[in-house]
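Here are a few notes to go with the model, written for reading side by side with the structure.

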Amino acid sequence: MSNAVNPLAITVGTGCNIRCRHCLVDENLGSKSVSRQEIRRLCGEINKYFPKTVIFTGGEPTLYLREIQEIISGIDPSHAPKVTLITNGYFAESRPKAEKVLKAIKYLSGVAVSYDRFHAEFVEKRSILTLLDVCREMGLKVKIACAVEAPMDLVFLDSIKRPGLAISIQQILPIGRAAEHGLKFGHMSFDPVVLEKKCPNLGGMVFNCGSGFTICCGPLASSHDKSGYVHGSIADHFKSRFYKIVSSSTFGEMAALAGVAPAQMRPEHALPCMLCSMLIPRIIDDGKNVKEG
C-alpha cells in the first residue's frame, strides 16, 4: 500500500455565488469556509506528503482567494506543487477580471471550468469563452468539466468546443441539491463491469473544510455520521478500516464481503460511488475484514 498522495483536492469553502440544481455539495459535507487552524494543518500535511498536484475546489473556490493564498504561502517552495483550479468561471466577465483572478493564484498550471446546461442558467457562455481564451494566452492547461444527467447533455457543449479542448464527463450523483431536485445519471441497468474495478480515487485525497481528509468524493463523505470515512489527518485516514478495505478490494470483492449478489444491485449501482456507499456500511457494520494488498 502506497502512502503517496496525488492529487490532493481541497474544498476551501462550500459557499457559491450560484445555485445549480445538480450541485453535489451537501450540507453535511463541511463548513462554509476553511479555518485558520485548518490552513495550518493543511500546510503541514502538504509539506509532509508533497503532492505533485493540489486542486482547489468548492463551492466556488475563487470566493476564497485569500484562503487559497494563505495555503499556498505555507507550502515549502522547494516542493511547490502544480495548482489546478476548478471554477464556474463567473469572474471572467472581462479579460482583465479573468487575468486578475488567475494571476492571484501562485503555481497555477491548470483550470477546470465547470460548465453544462445547469451552470448555463447562471453563467453566460461569453464568460466561459473569455476564460478559455485567457487561460490559453497565459499558458494554462484548461478543460471543461461537464456534469450530465443523460448522454444527450453533451450536445450542449457543441457551441463552445474548440480544437484540443479537453472535456471531462461527470455523471450526476443523487446527493446534495441534485437529490433535492431528483437529478441523477440515468443508467438503464446495472453494469457488472464495475465489479472488476477499484475506487477511481485511489492515490489521491480530498480535504473538506470543517470535516477532514478522505479518499471519498461521494455520499459517504457527506453522510450524517462520517467518522469512519473522514479523518483529521492523512495518516489517520490511511489507518482506517474504510481506507484499508477500499484500497485493497475490487467492488466485486467488497460485494462478496457485504453479502450482496449482482442480482440485488440496482441500475444506479453502476456508478462506483453509489455502489461503494451501499457496500461499505454493510461491511464495516458487520465487522468484516479484507486481506490487505
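**Notes on selected sites**

1. Let me begin with Asp153, which sits in the loop between β5 and β6 (166-171). Please keep in mind throughout that this is a predicted model. Is Asp153 buried or exposed? Its relative accessibility is 11%, and since anything under 20% is taken as buried, Asp153 counts as buried.

2. What does Asp153 touch, once residues up to four places away in sequence are set aside? The answer is Arg117 and Val148. For a sense of distance, Val25 is 128 residues away from Asp153 along the chain, and the C-alpha atoms of the two are separated by 21 Å.

3. Next, have a look at Ala147, a residue of strand β5 (residues 141-148). Ala147 has a relative accessibility of 6% and therefore counts as buried. Leaving out neighbours within four places in sequence, Ala147 is in contact with His22, Asp116, Phe118, Gln170 and Ile172.

4. Now to the helices. The axes of α3 (residues 95-103) and α4 (residues 125-137) come within 10 Å and cross at roughly 55°. This is why α3 and α4 are described as oblique to each other. As for handedness, the crossing of α3 and α4 is right-handed.

5. Which residues make the contact between α3 and α4? From α3 come Arg95, Ala98, Glu99 and Leu102, and they meet Thr130, Leu131, Asp133, Val134, Cys135 and Glu137 of α4. Sorted by class, this contact of α3 with α4 has five nonpolar residues, four charged and one polar.

6. Finally, the nonpolar interior. In soluble globular proteins, nonpolar side chains tend to be buried together. Here the largest nonpolar core has 87 residues, and those that touch the most other members are Ile10, Phe56, Leu102, Ile144, Phe242 and Ile280. Helix α9 (residues 272-286) provides the largest share of this core, with six residues. Leu102, named in the previous point as part of the α3 contact with α4, is one of those core residues that touch the most other members.

7. Phe56 deserves a look of its own. Not counting residues up to four places away in sequence, Phe56 touches Ile10, Val12, Pro61, Ile68, Ile71, Ile72, Val83, Thr84, Leu85 and Ile86. Among them, Ile10 also belongs to the core residues that touch the most other members.

Note on methods. Residues are numbered from 1 along each chain as its sequence is written. This is a predicted model: local features need pLDDT of at least 70, side-chain atom pairs count only at pLDDT 80 or more; totals for chains, interfaces and linings use all residues. Side-chain values use heavy atoms; hydrogens and water are left out. Axes are lines fitted to C-alpha atoms, for helices over the stretch in contact, and angles run from 0 to 180 degrees between N-to-C directions. Helices (H or I, at least four residues) and strands (E, at least two) are DSSP runs, numbered from the N terminus. Angles under 35 degrees count as roughly parallel, over 145 as roughly antiparallel, 65 to 115 as roughly perpendicular and the rest as oblique. A crossing is left-handed if the near helix is turned anticlockwise from the far one by less than a right angle, and right-handed if clockwise. Contact means heavy atoms within 4.5 Å. Ala, Val, Leu, Ile, Met, Phe, Trp, Tyr, Cys and Pro count as nonpolar, Asp, Glu, Lys and Arg as charged, and the others, Gly among them, as polar. Buried means under 20% relative accessible area, exposed over 50%, partly exposed in between (1.4 Å probe, protein chains only). A nonpolar core is a set of buried Ala, Val, Leu, Ile, Met, Phe, Trp, Tyr and Cys residues joined through side-chain atoms within 4.5 Å.
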